[in-house]
Every structure is written in structure tokens, then in C-alpha cells.
Amino acid sequence: MNYKIPFNKPYMTGNEIEYISDAATAGKLSGNGKYTKLCQDYFEERYGFGKCLLTTSCTDALEMAAILINIKEGDEVIMPSYTFVSTSNAFVLRGAKIIFTDSRTDHPGMDEDAIESLITSRTKAIVPVHYAGVACDMDKIMALAAKYNLFVVEDAAQAIDSFYTGKDGVKRALGSIGHLAAFSFHETKNVVSGEGGMLAINDKQFEHRAEIIWEKGTNRSSFFRGEVNKYGWVDIGSSFLPSELIAAFLWAQLENIDKIQSKRIEIWNTYHARLKEWASNHGIEFPAVPDYATNNGHMFYMICNDLSQRTALLSHLKDNGILAVFHYLSLHKSPFYETKHDGRILNETDRYSDCLVRLPLFFEVDAEAVIESLLQFR
């Protein structure tokens, strides 16, 4: 079905093809060239991330993180059940047992107050997911990590250009707080490269090895910097490094990030202001943004009363040529992991799985048409 308003449409800033052509003309198509360096330097300088390495996806960045913190068979990793499968898969591939937390009652992010009771002698890491670009309470999470000597890997797939203000009053970019952080530049994100991601390495102990894992387990990067006179296979790794074409596309996006962010937040605010009364009349909950968090305009979601109301709402929008969608299915109930889960009931996770709906939100969306259609829903 062709929708008059799709759920997502990638925004082209105007320079993507020019930069891709420049990379191709220069004859440097494989990664770690001019545009890779431009992007990595940009993230480090603008957001205060540690060493940044572009990857072919956020999934790859998470898999690199699992290798870097030396996840082994029997290790336990705590994360929310309400997340994309890649968050879990990256650690399962290394042999970890996933210990799922429920979501918060006011937000789909992980319930930070439930984490400590799940920590055992086998726990190796906590993986907070900044759902919709809204920060988890990182003070609580980092305090637990310090208390129990755990690693924190931020899944910041949706959280570029979003921030957290801690109890010390310091405002920090999401992805700069944990030991490691993974970002996505998939076409559904705020800034995109089709597919693409990045690992931010905020703990210096991981910097050297990360570069080796990134380069298929070789010290190739050190060789090209003249630090060694030859390179070889020195560790495990994989082909995590994206091509210059991906980086060139991303660079065109980053040059326009302020324009993109301003527009996305404007659309988010329009939805919020115009639909607030309507939502209240229908018993529909709006997104919650805690005082310590910022809103990066990644996603506008609503929480319906129940599954039947959500189904009716999605059907109504579809009949009007508008594609709105639900989101994650609870990972603890997934066909792959249900028998591995410890049996705890995660009520809030299941509620979001049944009731959450996402509205179209992209640079050129006709938000007024979406709003008018929703106002007709009874």
C-alpha cells in the first residue's frame, strides 16, 4: 500500500551525492579515509565522546563492545526487555545470559530501581537503552556499576544530540557517560547514512584493542600511522569498518545536524501541543521526559489504553493513508529467549509492547495532516 504519509522518509541535505562522488573520484572507497576521520573527529569534539570508530551498524558497535569487555559463556548482562533484538544479540553471541529488567511506569526505558536486585556474582555489564533519545538515570546506573565493578554500555542508537544532567549539575551528551556507547545512523534515525553506526570508547583502556577489533583483528591502523613496520592478525575481530561512501553520506548529514534537530523538535512540539487535549480525552498517555533528560526529537510516541484501542487507532490512520506503527515486542517473551528467561513477569514491558504507537516523524512530514486525522478518531 502506498501511504500519502509514510512512517519515515530519510532527509537529504543536498551534499550527500557530492561527497560520495568526491570519495569515489579520490579512489578511496574502503573505510578509514577522509570522511571517516571527519565524522569521528566531529563526534569527539562536539559531544565530548572518547575515541570514536564508525561501524557499519549500531549492531556492529554493540558486538564490538561485547568483545571489548570480554563477555564469556555464563556472564550475565542486565538490560531492558523493551528494546531491539540487537541489544541482546550482541552479548548472546559471546555466550552471555541476558537478565531483563522491566520498563519504568512513566517511560519505556529500563527501571533503574530494579537493577540492583538482579546483580549477581556473574553480572558483567549493564546496558541502558536511551529509548526515544530520552536518558536513563545515569547517576543511578553508574553508581551501581562502580559499587559492583561492572561495565556500562550505553545503547544510544536513538540518542544522538541528546543529553543528561546529573546531580552534579553537569550536562553530558548521551553516549559519553558509560564505558562504551553504541549509536545508529540507520535511515530511521535523526542523522543517517542508510545503514551505519558508531562505537564511542570513553574508557581509554579499550582504545587500542577497539581499533584492532575494528580492523578484523589486525593492527592495520597502527601500520598506516607508521607505528609498526608491518601488520598482522593479533586478536579476534571482524569487518566492522564501513566504507568511505557511508561516511561521506553521514558527513553531509552532520554538517546540517542543527537544522535537522531544530525541525524534528519543532514537529515533536507541534504533535504535543495540538494533540494533548485529544489524548487526555481518550485516556492516551504522552511521552515523559524527566527533568534530567532532554528531548532530541527522535520519536513521538503515545501509550494507548489497551491493545484494542491501539489496533483501532492504527487502522484509522491507515484508512487515511497514514502509516503509524507500534514498536518492540517484549524480548523476554520472544520465541528465542522465552525459555531462557527466568520467569519474572515484566508488566510494564508488556504494556508498552501492547499499547505504544509511534507517529510519523521526519523532516518533511505533514504533521498537520496526521493531527487532523487523529482528531477525527473516536
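Q: Which residues does Phe43 touch, not counting those up to four places away in sequence?
A: In this predicted model, Phe43 touches Gly48, Phe49, Cys52, Ile160, Phe185, Met198, Leu250 and Leu254, leaving aside residues up to four places away in sequence, where contact means heavy atoms within 4.5 Å.

Q: What should I know about the numbering and the cut-offs?
A: Residues are numbered from 1 along each chain as its sequence is written, and side-chain values use heavy atoms, with hydrogens and water left out. Local features need pLDDT of at least 70 and side-chain atom pairs count only at pLDDT 80 or more, whereas totals for chains, interfaces and linings use all residues.

Q: OK, how many residues does the largest nonpolar core have?
A: The largest nonpolar core has 51 residues, and Phe43, Phe49 and Phe183 are those with the most contacts inside it; such a core is a set of buried Ala, Val, Leu, Ile, Met, Phe, Trp, Tyr and Cys residues joined through side-chain atoms within 4.5 Å. Its largest share, six residues, comes from H8.

Q: And which residues does the second, separate core include?
A: That core of 37 residues includes Ile284, Phe300, Ile303 and Val365.

Q: Switching to the sheet: what is its strand order?
A: The open sheet has seven strands in the order S1-S9-S8-S5-S4-S2-S3, with mixed pairing; strands are DSSP E runs of at least two residues and helices are H or I runs of at least four, numbered from the N terminus, and two strands pair if DSSP finds at least two bridges between them. The edge strands, each pairing on one side only, are S1 (51–55) and S3.

Q: How do S2 and S4 run, parallel or antiparallel?
A: S2 (residues 76–80) and S4 run parallel and are joined by three bridges, and Glu76 stands opposite Thr123 in S4.

Q: Which strands does helix H3 lie across?
A: Helix H3 (residues 58–68) lies across S1, S5 (151–155), S8 (180–184) and S9 (197–201), running at about 165° to S8; axes are lines fitted to C-alpha atoms, for helices over the stretch in contact, and angles run from 0 to 180 degrees between N-to-C directions.

Q: Last one, why does His107 count as buried?
A: His107 counts as buried because its relative accessibility is 4%, and buried means under 20% relative accessible area, exposed over 50% and partly exposed in between, with a 1.4 Å probe and protein chains only.

Q: Where does His107 lie, and what does it touch?
A: His107 lies in the loop between S3 (97–101) and S4 (123–126), and it touches Tyr131, Val134, Ala288, Tyr301 and Tyr352, not counting residues up to four places away in sequence.
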